[in-house]
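The stops below proceed from one selection to the next.

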Amino acid sequence: MSKKIVIIDDEPDICTYLTAALEDYGFNSQSVHDHQSFMPTIESVQPDLIILDIMMPGRSGISMYKELKNHKTYPSVAVIMMSGMSAENEFSPEGVRNLLHDASIPLPEGFLEKPIQIPELIQMINDILSKE
Amino acid sequence: MNISSQQLDIWIKDQLFNAIPMGIAVIDKDYNLVMANGSFEKMFGAWKNRKCYSVYKSRDSVCPTCKGSISFEDGVPRVSQEVGFNKNGRMTRYIKHTIPVIQEDGSIPFLVEMTTDITEIEQVRREHQLLFDQVPCSISIIDRDMRIVKCNKRMQEIFGNLEGQLCYEAMNDRRDICVACPAKKTFEDGKMHSGHSIVTKKDGKTAHFLVRAVPLSFDGEYFDQVMEMSVDVTQTLKLEQELKIAHTFMEIMIDASMDGIIAVDQGRNVRIFNKAARTIFNVPENHRVTKSELNSMISEEFIEQVSSEMTHVSLPETTVQTLDGKPRPVRLIGTNLRVDNNYMGIAFSIQDLRELKQLEKEKLESERLAAVGQTVAGLAHGVKNLISGLEGGMYMLNSGMNKSNIERVQEGMEMLVRNIGRISLFVKEFLTFSKGRKIRVKKSQPEMVADDVVELYAENAKRVDIELTHTCDNAIASAPMDYEGMHECLTNLVGNAIDACRFSDKSSGCHVWVRTFEKDKAIVYEVEDDGCGMDYEVKKKVFTNFFTTKGLGGTGLGLLTTQKIVQEHGGTITMESEEGKGTIFRISLPRNRLPILIEDNEQDDNTP
């Protein structure tokens, strides 16, 4: 059975792109554009992995990540954080650690800088999922 | 003896006694007045059948110091100065000559007493003595040998008693006569002379005295003495010296001051116009600034305002005119000069702001350059998003073609077109920002800008069910500002507010309130929404470039540009936001920091 992946990004083009690419590599993927439908989608899909953008209007990926990690059911779901920011711009394990403001929350399993290289993403997903 | 000498004898016997201008009285051994002349009666009144002590001294018994009784004994004539009472009971001073009348057998039956009234002479003498001693200066009388014959009390208090000493030895600590001795000059030409003398007082301290020598002669005749009057001017000299130092100090300070200093007197005549002021106002070194010239340099209204105020009037940024009619940006402070509440004039302090303005301009420019540098770094980030979009489009296009999935190809094409459109928008905004548009100041009505922007968005807001309103409570005076620039700022803020409403959880009924008002001499624009608000990470990055939460919908330059324009207006932009509740942006433009509205040639020269 193919692994289920949820993509959360406010940018529809990115969602379309990633959904199509992941499907081509045999994953079952679904995307979410807005933070309102983020939890319901996860509940209904029960994903094996989540790809989460950081900068989104209304609510940031960081805040969604915290909710996920504090949830009774989903703290163990693997997360790849994705951002257009680069390491100098805080998109690094240390930067995210600062943004989280909470040492008890574990860091996400992967960090993915935009623009996305599909082979690199697939490699990262496979590595994370095979560890589990 | 001829007839005339007989007549003279009779006259002497009968008339002389009464005609003598001196009181004559004859007293017997029992102190009875037995005879007295008219002058005596004039002095002491009725005398017949009275005792001498009663008449002279209003006493009931013989005087304890009676000199008459001694003369009765020894027959020696005496002169004495007495104090008694005249016929009106007033105290009288008189000189009394007592002459015993000695008979051939040696007995003395009578005394003749001759009395001269010296009350007035004595009074005058005493007054002179008092004056001599108590006058507030030292007086000495010096003879031709320069020996001090007499000195008054005051002089004795200061120098001790110097009578008999040589003046230059006693007072000046010298062996020879002083070079410029005024007394010496007076002895030479008989005229009055003044001089300055450094003397040693009896306490050993040195003092400066102002000396005046006057010949002590009567009716311009030969004189042997000079009266020297001297006043201690040590304190005065010291004060004078201090005043001179203070004055010199002040003059140096005024002249050396970096700020222009101008002072006018009560009649508005220019009294002080220092070097710095000359530089600011282009006034040549030898030119004396007139009242009317000053009125054209510093506005007359300002001068009027200062003279009606009790203290300072300060204009942090204003424009004055040089002598040759050029505008100068300055900081101007006018101070009403008052001494004990008496109006003395006005002082102006003028700080040349040209250099400061230039520095400000340079600072702005360097900030802009720094921002461009930051922009280049941030550019990669902005471009990444665009590349992602393009790559997505390419992927969809390629994979769609490989799979003969025409829908995917279509989608890929659309993605490519959309992202290419975004690239051109991005490039355009980026260029605008990096170029740094020149600020065009004109007199504008602040609330009109907000009105325009709200009108611009009215349709847009209505379509997505957002209530967009503009309120302007109090009447706001026009202000120099860059209308287009401020329009851009408000366009960005209102656009953001509408987006925030669209992103919020509320399905409909969001509000955007735009408010224009003036508070504490600052023009304030507020743009408030009850949309999605911002969380901590977003708030932190709001004013950094290329920060966007709108994905490819924004370039991340809007707020940065807004901030830049607000700063160019000398203003500040602040923000309060609460996640899920809404956001409020506030632009505050203090009037005194707004750009100056002048068609200044120099300003144009400096701007490329």
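This is a predicted model: local features need pLDDT of at least 70, side-chain atom pairs count only at pLDDT 80 or more; totals for chains, interfaces and linings use all residues.

A nonpolar core is here a set of buried Ala, Val, Leu, Ile, Met, Phe, Trp, Tyr and Cys residues joined through side-chain atoms within 4.5 Å.

**First stop: the largest core**

Select B:Val512, B:Tyr525, B:Ile587 and B:Leu589, the residues with the most contacts inside the largest nonpolar core, which has 35 residues. Next, colour the elements of chain B that give two or more residues to this core: the helices are H15 (446–463), H16 (483–502) and H18 (558–568), and the strands are S17 (466–472), S18 (479–481), S19 (510–519), S20 (522–529) and S22 (582–590). Helix H16 of chain B supplies the largest share, 9 residues.

**Second stop: B:Val512**

Centre the view on B:Val512 and leave aside its neighbours within four places in sequence. Its contacts then include B:Ile466, B:Glu467, B:Leu468 and B:Thr469. Also in contact with B:Val512 are B:Ala497, B:Ile498 and B:Cys501, together with B:Val527, B:Glu528 and B:Asp529.

Move to B:Leu490, in helix H16 of chain B. Is this residue buried or exposed? B:Leu490 has a relative accessible area of 1%, and it is therefore buried, the cut-off for that class being under 20%. Not counting residues up to four places away in sequence, B:Leu490 touches B:Val449, B:Ala450 and B:Val453, as well as B:Tyr525, B:Val527 and B:Ile587. For a view across chain B, select B:Arg59 as well: its C-alpha atom is separated by 116 Å from that of B:Leu490, and the two residues are 431 apart along the chain.

Along its principal axes, the C-alpha trace of chain A spans about 35 × 35 × 30 Å.

Of the 132 residues of chain A, 58% count as buried. Among its contacts between residues at least 6 apart in sequence, 67% join residues at least 24 apart.

Chain A exposes about 5,400 Å², of which carbon and sulfur atoms supply 48%. Colouring by charge picks out 9 positive and 20 negative side chains in chain A, with the centres of the two sets 9 Å apart.

How values were computed:
Residues are numbered from 1 along each chain as its sequence is written. Chains are lettered from A and ligands numbered from 1 in the order in which they are written. Side-chain values use heavy atoms; hydrogens and water are left out. Buried means under 20% relative accessible area, exposed over 50%, partly exposed in between (1.4 Å probe, protein chains only). Contact means heavy atoms within 4.5 Å. Accessible areas come from the Shrake-Rupley method with a 1.4 Å probe; for residues, only the protein chains shown count as cover. Lys and Arg count as positive and Asp and Glu as negative; His and the chain ends are not counted. The place of a charge is taken as NZ of Lys, CZ of Arg, CG of Asp or CD of Glu. Helices (H or I, at least four residues) and strands (E, at least two) are DSSP runs, numbered from the N terminus.
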